[in-house]
Amino acid sequence: MSSDKIDVRYVAKLARIALTDDEVDRFGAQLGDLLAHVNALAELDTNAVPATAQVVESRNVERADSVRPCLDREVVLAQAPQRQGGFFRVPRIIAE
Amino acid sequence: MENGIIERNAADIARDVNAGKLSAAEVIEATLGQVDAVDSRVGAYLTVVHDLARERAAAVDARVRAGERLPLAGVPIAVKDNMCLTGTRTTCASKILERWTAPYTATAVARMLEAGCVPVGKTNLDEFAMGSSCENSALGVTRNPYDLSRVPGGSSGGSAAAVAAREAAIGLGSDTGGSIREPGAFCNLVGFKPTYGRVSRYGLIAFASSLDQIGPLTRTVEDAALAYDAMGGYDPMDATSIDRPLEPTAQALRADLHGLRVGIVREFGTKELGADLDAAYVRAYHDLEALGAQLVEVSLPTADYGLATYYLIAPAECSSNLSRFDGVRYGLRVEGDDVQSMYEKTRAAGFGPEVKRRILIGTHALSTGYYDAYYVRAQKARTLIARDFEKAFAGCDLIACPAASSAAFSFNAKSDPYSMYMMDYYTIPMSLAGLPALSVPCGWVTPPGGVEPMPLGLQLCAPLFAESLLLGAAHAFERATMHAQKHAPLTARTRA
């Protein structure tokens with residue numbers, strides 16, 4: 001299976017979490033320990049085994065394409081950290 | 001009179017409220033009085049909804065006066081704070097949602113209210129339901145009502161503590177790898193996780209979507225059955241909700257176990273749990289036999305890989321589910337120089353260490369180069385574990401084993417994350433297989449260094465959809481042994 005090392009800085013970047021140097025060290029060690037435990041799965045012969053994503057029968061659920069009541073826009077936007085009119089406001093994404 | 005009311009089980013309350021002998025208003029006043037008296041010590045609730053509770057109680061009394069008969073008339077319920085209730089703060093015990101108010105109500109909660117329940121408040125949990133002691137809450141400390149120096153279990157520890165301390169008759173919990181069953185065992189309660197998909201997850205803030213399941217924490221099996229009958233069943237708002245009829249379980253409670261084969265798992269020896277626990281579980285198995293069950297040995301050879309499987313699948317799903325907390329639409333935002341830095345600072349400030357660890361491990365397991373080695377392999381192991389249960393159930397009707405690896409432990413006793421994960425060794429395999437399982441009180445031990453006797457839980461597990469059989473058998477065990485009655489919580493003893 002894979003090594004017990006985990007590049008915490010790279011993974012944190014993917015996960016969009018800023019970490020302190022102390023967290024990088026601590027999480028690196030703790031997650032390395034956990035990976036050492038989960039590597040035990042390499043002992044199982046899973047070559048011919050299908051993967052399970054969902055244990056009970058799953059099927060596509062459809063509904064009629066009709067207008068139904070939904071959450072009130074004002075109620076939802078009232079919870080926004082920042083809003084502008086009927087929109088969520090975020091920092092500029094595209095440079096000027 | 002007040003003390004009398006709070007000691008009563010849901011079934012008794014509903015019967016008397018329906019008969020007009022007791023009002024929902026009286027019940028909720030007595031319950032709120034108990035919350036005032038003990039919750040500063042227990043810490044079960046993050047939010048108490050006094051006004052809504054009184055309003056809902058009055059509505060229940062009006063419905064009963066109008067001639068309606070409600071299966072849970074006037075029953076006070078504690079709702080884990082990862083389930084939405086319109087107009088009420090819903091935090092997941094996380095700083096990232098500390099000030100978020102739910103704009104809609106979870107289906108399970110709505111069905112309980114429709115059945116006559118009255119909400120007392122929202123209860124503490126390990127942040128985003130990740131933990132086994134409630135110590136991962138960012139918003140409060142919950143203590144075990146049987147020994148305030150010990151944890152209530154988790155992640156549904158607030159709901160468990162509330163019901164144990166008589167601050168509610170029913171607690172709603174969610175169970176991903178044992179988060180109802182373990183706190184149930186720690187707090188001398190019945191903790192019931194139904195088959196995956198039996199109770200709608202709509203309005204339950206997602207942790208690991210293929211595993212999360214809502215269920216009740218109660219002081220009797222009968223109450224668990226009534227709660228399940230009220231909240232279970234198909235919901236078009238949850239795409240994984242199962243569309244098949246729900247047979248009422250409250251009518252399936254049994255007096256004995258004649259004709260049932262109960263599987264004892266060869267790989268789940270109890271000797272390594274210590275002499276006291278070993279003796280308690282050996283006695284519990286004997287009690288099952290004395291009730292007429294035939295004990296048979298079954299084997300779950302891959303169950304030992306449950307923890308490893310779970311700690312890839314659950315974090316992978318959590319890393320995806322929790323990506324929605326980004327400071328844009330709701331919850332905390334910490335400003336940054338650009339949008340990327342806003343995301344990173346918001347999530348750094350909003351999530352606690354355990355949530356960060358799980359997001360990181362899940363992100364790693366799903367990342368390029370590791371996906372097949374970790375995530376897909378874990379999904380294949382999951383298949384093997386589910387097949388083990390299928391084979392075992394070919395030779396038995398139910399499986400019995402411990403509900404947790406120890407009795408409730410002291411605060412800060414499990415500082416290494418993996419030692420905390422080990423608490424769920426016996427509950428995780430059932431979660432991976434989607435099976436219905438519950439914890440029922442089965443004895444008491446005084447842990448080393450402790451002074452108070454602490455409860456233990458026996459886990460019973462049934463095949464998919466066999467909730468009636470499971471609850472029926474647990475009822476017979478509960479009635480024959482009466483373990484739950486042997487000790488009262490400290491909160492009852494210290495109150496005159």
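**Conventions**

I worked from a predicted model, in which local features need pLDDT of at least 70, side-chain atom pairs count only at pLDDT 80 or more, and totals for chains, interfaces and linings use all residues. Residues are numbered from 1 along each chain as its sequence is written, and chains are lettered from A and ligands numbered from 1 in the order in which they are written.

**Entry 1: chain A**

I looked up the secondary structure of chain A and found 3 helices and 2 strands. Helices (H or I, at least four residues) and strands (E, at least two) are DSSP runs, numbered from the N terminus. The order from the N terminus is α-α-α-β-β.

I then checked the dimensions of chain A. Its C-alpha trace spans about 55 × 45 × 25 Å along the principal axes. The radius of gyration of chain A is 23 Å, whereas a compact globule of 96 residues would have one near 12 Å. This radius is taken over C-alpha atoms, and the globule rule is 2.2 Å times the number of residues to the power 0.38.

Of the 96 residues in chain A, 18% are buried. A residue is buried if 20 or more other C-beta atoms lie within 10 Å of its own, exposed if 12 or fewer, and partly exposed in between, with C-beta atoms placed from the backbone.

**Entry 2: chain B as a whole**

Chain B has 17 helices and 11 strands. Its radius of gyration is 21 Å, close to the 23 Å that the globule rule gives for 496 residues, so chain B is as compact as a globular protein of that length. The C-alpha trace of chain B spans about 65 × 55 × 50 Å along its principal axes. Buried residues account for 66% of the 496 in chain B.

I also looked up contacts, which require C-beta atoms, placed from the backbone, within 7 Å. Among contacts in chain B between residues at least 6 apart in sequence, 76% join residues at least 24 apart.

**Entry 3: where the chains meet**

I found 59 residues of chain B in contact with 45 residues of chain A. On the chain B side, the elements that give two or more residues are helix 10 (306-321), helix 11 (339-350), helix 12 (353-366), helix 13 (371-393) and helix 14 (417-421). Helix 13 of chain B gives the most, with 12 residues.

The chain B side divides into 32 nonpolar, 15 polar and 12 charged residues. Here Ala, Val, Leu, Ile, Met, Phe, Trp, Tyr, Cys and Pro count as nonpolar, Asp, Glu, Lys and Arg as charged, and the others, Gly among them, as polar.

Helix 5 (residues 107-114) of chain B has 6 of its 8 residues buried, so it is largely enclosed by the rest of the structure. The buried ones are T107(B), A108(B), V109(B), R111(B), M112(B) and L113(B). They pack against helix 4 (50-65), strand 2 (76-80), strand 3 (118-123), strand 4 (170-175), strand 6 and helix 8 of chain B. After helix 5 comes G116(B), with a positive phi near 110°.

M112(B) belongs to the largest nonpolar core, of 187 residues, where I77(B), M112(B) and L460(B) touch the most other members. Such a core is a set of buried Ala, Val, Leu, Ile, Met, Phe, Trp, Tyr and Cys residues joined through C-beta atoms within 7 Å. Not counting residues up to four places away in sequence, M112(B) touches L72(B), I77(B), C117(B), L172(B), A230(B) and M231(B).

All of strand 6 of chain B is covered, 6 of its 6 residues being buried. Strands pair if DSSP finds at least two bridges between them. Strand 4 and strand 6 of chain B run antiparallel and are joined by 6 bridges, with L172(B) partnered by P216(B). Strand 5 (residues 190-193) of chain B pairs with strand 6 in the antiparallel sense over 2 bridges, and V190(B) stands opposite T218(B).

T220(B) lies in the loop between strand 6 (213-218) and helix 8 (221-231) of chain B. T220(B) is buried, with 22 other C-beta atoms within 10 Å. Leaving aside neighbours within four places in sequence, T220(B) contacts N9(B), V190(B) and E478(B). T220(B) and R479(B) are 259 residues apart in sequence and 9.3 Å apart in space, C-alpha to C-alpha.

How values were computed:
Contact = placed C-beta atoms within 7 Å.
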